[in-house]
Each structure stands twice: as structure tokens, then as C-alpha cells.
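Hi everyone, thanks for making the time.

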Amino acid sequence: MRQKPSRPAPAKGRVGVVVVGAGALSTTLIAGILAVRRGLGKPIGALTQLGVVPGPPERPGPVPVGQAVPLTALPDLAFGVWDILPDSVYRSAVKAQVLERELLEELRPELDVIRPWRGIFDPRFVHRIEAAHCRPRQGHLDSVAGIDKDIKSFRETAGIDRMVLVNAASTEVYQSVEDVHRDLGMFERALAADDERISPAMLYAYAALKQRIPVVNCTPSHAVNVPALLQLSEEMKVPVTGRDLKTGQTLLKTILAPGLKARGLGIAGWYSTNILGNRDGEVLDDPACLKSKEESKLAALKAILEPELYPDLYGGLVHRVRIDYYPPRRDNKEAWDNIDIFGWLGYPMQIKINFLCRDSILAAPLALDLILLIDLAARAGLRGAQDWLSLYFKNPTVRNGRQVHDLFVQRQLWEDGVRRIAGWTANGRGV
Ligand SMILES: NC(=O)c1ccc[n+]([C@@H]2O[C@H](COP(=O)([O-])OP(=O)(O)OC[C@H]3O[C@@H](n4cnc5c(N)ncnc54)[C@H](O)[C@@H]3O)[C@@H](O)[C@H]2O)c1
């Protein structure tokens, strides 16, 4: 069902971004925004900063995104974080070893003052971290009240006008969606009963939605992306989006697969393997957490290739994804893909890809775009899952209907979404 955006309210005042998890991704995001603000680097990869969209019908030439729609300016973003470790954003950024030390030293005064609030931790959901900085566990409702308190005091002390909650915490163990996640009434009864199927990521999301704060989930964990919380986002009239930012290997997969399909080439198999050595990799070394990530990485190919429509080309496709924790590489991930394709008369060919990427460098601009665009969506009166933001995710949360994984279709949806909020004609797809 398509939503009709209203004319967005002006982007006046400060936006408080409250981030769950002050690890590699969020510290690269926060330090990166400060660096861009000071002219120390360019916001490469952020479409809100450097992208263009076609203008209105009467002037269809390219228009910078920031001129098409009213976006919050970077100096108006203020950050607060929760973590289960006590490190400041500066200390955590140093430990993450993504950004150069020289840059971090320059930004140190601003990064060091961002100290995490105590996180909500449940050892059943994340196994490999010794939580040294968390709230005492006194039941789900008490945890929600604690999150509320942090949000409210941040809002008051930092002079915040609007807020966005970003989940960038460690991947939680794989969880199937059960009855308590399917319906808001059952979810709330489960909250009161301290049900063990409700994870910390869901508690943060629930607390935010109750305060009408839009939620962005960068992780493969369910968080806001279960039917009960999507129902709450509709009822509270708050936009939400997620899951799992589309960065390295899946990004390339969703660029290449549509191209092979567009030329009618067959694919017999796609084998993908990764090594990564950051803390995210360490957490993923636990098989239960790894299952969350693998599930999120496997979804894309089938949806793009539509084997039901092309049984001769993709009916027998074998897709495997492996992730290995390999500490020497830190955040500098390396991914290998072997793609077995076939052409005329079934003759086989192979494609090999070796992508040496930087995970958080690819992810930070996506998180920035999502903060600015979900805030825009809220000001335009949009609510619930935002399909037009699928471009950013491995496992996009959609309102009604099927997930879109083809990067080029996602990009068109994104462009249509921006243009519809701008009040310009869209070419037939919904926001
Ligand atoms: N880094 C990337 O580029 C990237 C790309 C795509 C998706 N992601 C996803 O984003 C998430 C974060 O990635 P990262 O690389 O920053 O990992 P990270 O391990 O560096 O950071 C995660 C942080 O979350 C904290 N944390 C764990 N449980 C928490 C809780 N209950 N409350 C508050 N804090 C908690 C950890 O202490 C840690 O500081 C992961 O789920 C990852 O899969 C990351």
C-alpha cells in the first residue's frame, strides 16, 4: 500500500541521534560526520550529500538531493550512545582501528565527551562480549524505563528537537519469529512477563517507538523488524527501516546478478566466502549469531533471479555463503566469490571476484543517509516500514508485499521516494 507523503516540515532545530552500540560502525559514522563538518574529508558514499535526482517535470534536469528535499544539516546532528562497554566514542574508535589515529586525535575533544549510557544486556543474545557497563537486569519493563530515562535526559540537556534511534549493536543470536513477535498485544504481554524471546534490540526499538522516535536497524538482528513492532510503528505514526546494511559482498552480488539476468545468462552456483577480523567478526564467530548474518546474506539472489520464472537459467542454483573470523584483518574485510555461469547450449564459464573492502567505511555513509532520510520521512508524515529505503539493506523491511533486492530497482524506488516527498511526479512506484 502506497503512502502519500505530506509536504515535509522544515528541517529546523537539532536532531538527537541515539545509537545502540558504540563500535566500529558507529564511531566511524560519528567521527566521519565531525571530519566532514570540519572539511577534513568528503562524505563519499552518502547519496544525501553528493547524490542528485531528476528535477520536477517542468525542469527535469538533475537536482542535488539536499535541494530537492529539506534535509537536516550535519552541524545540527547531536549524538548519544549506549554500550555494554564503558569506552568513550574516542577510545572505542581507537580500538576499532578503522580511522587513522591522526584524524582521531584531531577530533578527540568532541569524541571523548560522548560517553556511553549503560546498555541493556542479555547474555542469551550476545555471547562473546564481557559486558562491563550494563544496567542491572530487573525485567523488560524496567529496561524500557531505563532507555526512556536516557532518551529524555539527552533530549533536555542537548536541546534536541527531533530524534532518530540507530541500532548498531553486535549481531544477536538467530531467532525465529514467534507468536510473541507477531502481534503487538502479545508482545506487550510478553514484555510484562519478561519473556525470554524478547531481545535487547527489540527493547530499544520498543522504547523509541513509544516516544515516537523513528528507528533505523543497521544489524541483522530482528529489532524493530518484527510484525508486532511494525504494527506499533504504524499506530504511533513513526517511520522505521532495516535490516543489515548492504555493504561488501552482498552489494556486489546485487549489482552483478541483475546484470547477468538482464542478459539471460544462466547461473549454476554462487559460492561466497569472507574473512573479517573486527569485533563484529568475533561475535559472528559464535554459530548462533552467524546464522542471523547468513540468513540475511542468503535472501538476495533468489529474489533477484526469480528461478520460478526462469527454471532453465536459475532453477538449479546452489548458493553458499561462509564468514570466517580472522583477527589479523581487523575491519579490512576480504571477500571471494566464485560464480559458475553458463551460456549458449549450456557451456560453462566462471567469474571470480576478490573484493578487499573496508566494512565500516562502506557502512558509515549508509547510516548517515538513513538518519537524514528517516527524519525527512517523519517530517513528511510517513509511517511504518519505508520500502523506498530498501537500497541500503541486505534484508529490507517492507510494508506489504515482496522484498526488492535488485540494486537498480532499489535505486529507482529510492529516487521515486525522494521525488514524491519533494512533491514531484513519481513514475508509478510507491514510497
Ligand atoms: N561495520 C560495518 O561495516 C557493518 C556493515 C553491515 C552491518 N553491520 C552490523 O552492524 C552491527 C555493528 O557492527 P560493528 O562493526 O560496529 O560491530 P562492533 O562489534 O564494532 O560494535 C558493536 C558494539 O555494540 C555493543 N553492544 C553489544 N550489545 C549491546 C547492547 N545490548 N546494548 C548496547 N551496546 C551493545 C558492543 O559492545 C560493541 O561496542 C553488527 O550487527 C554488524 O553486523 C556492520
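Of the 431 residues in the chain, 49% count as buried, where buried means that 20 or more other C-beta atoms, placed from the backbone, lie within 10 Å of the residue's own. Before I go further: this is a predicted model, where local features need pLDDT of at least 70, side-chain atom pairs count only at pLDDT 80 or more, and totals for chains, interfaces and linings use all residues. Residues are numbered from 1 along each chain as its sequence is written.

How does the radius of gyration compare with that of a compact globule? For 431 residues the globule value would be near 22 Å, and the chain has 21 Å, which agrees; the radius is taken over C-alpha atoms, and the rule is 2.2 Å times the number of residues to the power 0.38. There are 16 helices and 13 strands, defined as DSSP runs, H or I of at least four residues for helices and E of at least two for strands, numbered from the N terminus.

Now the domains. The assignment, which is automatic or from a database, gives domain 1 (15–245 + 360–421) and domain 2 (249–356). Their centres, over C-alpha atoms, are 26 Å apart. Across the boundary, 26 residues of domain 1 are in contact with 26 residues of domain 2, contact meaning C-beta atoms, placed from the backbone, within 7 Å.

On to the ligand. Which residues come nearest to it? Among the 34 around it, they are Gly21, Gly23, Gly119, Thr219 and Ala363; a residue is near if its C-beta atom, placed from the backbone, lies within 6 Å. Both domain 1 and domain 2 give at least three residues each to this shell. Helix H1 (24–37), strand E4 (77–83), helix H12 (279–284) and helix H15 (359–379) each supply at least two.

Let me finish with H1. Its 14 residues reach 20 Å from first C-alpha to last, close to the 20 Å expected, that is, 1.5 Å times one less than the number of residues. Is H1 enclosed or open? Since 11 of its 14 residues are buried, H1 is largely enclosed by the rest of the structure. The buried residues of H1, including Leu25, Ile30 and Leu34, pack against strand E1 (15–20), E4, helix H4 (89–96), helix H5 (101–112), H12 and H15. Just after H1, Gly39 takes a positive phi of about 75°.

How values were computed: A residue is buried if 20 or more other C-beta atoms lie within 10 Å of its own, exposed if 12 or fewer, and partly exposed in between; C-beta atoms are placed from the backbone. Two residues are in contact if their C-beta atoms, placed from the backbone, lie within 7 Å.
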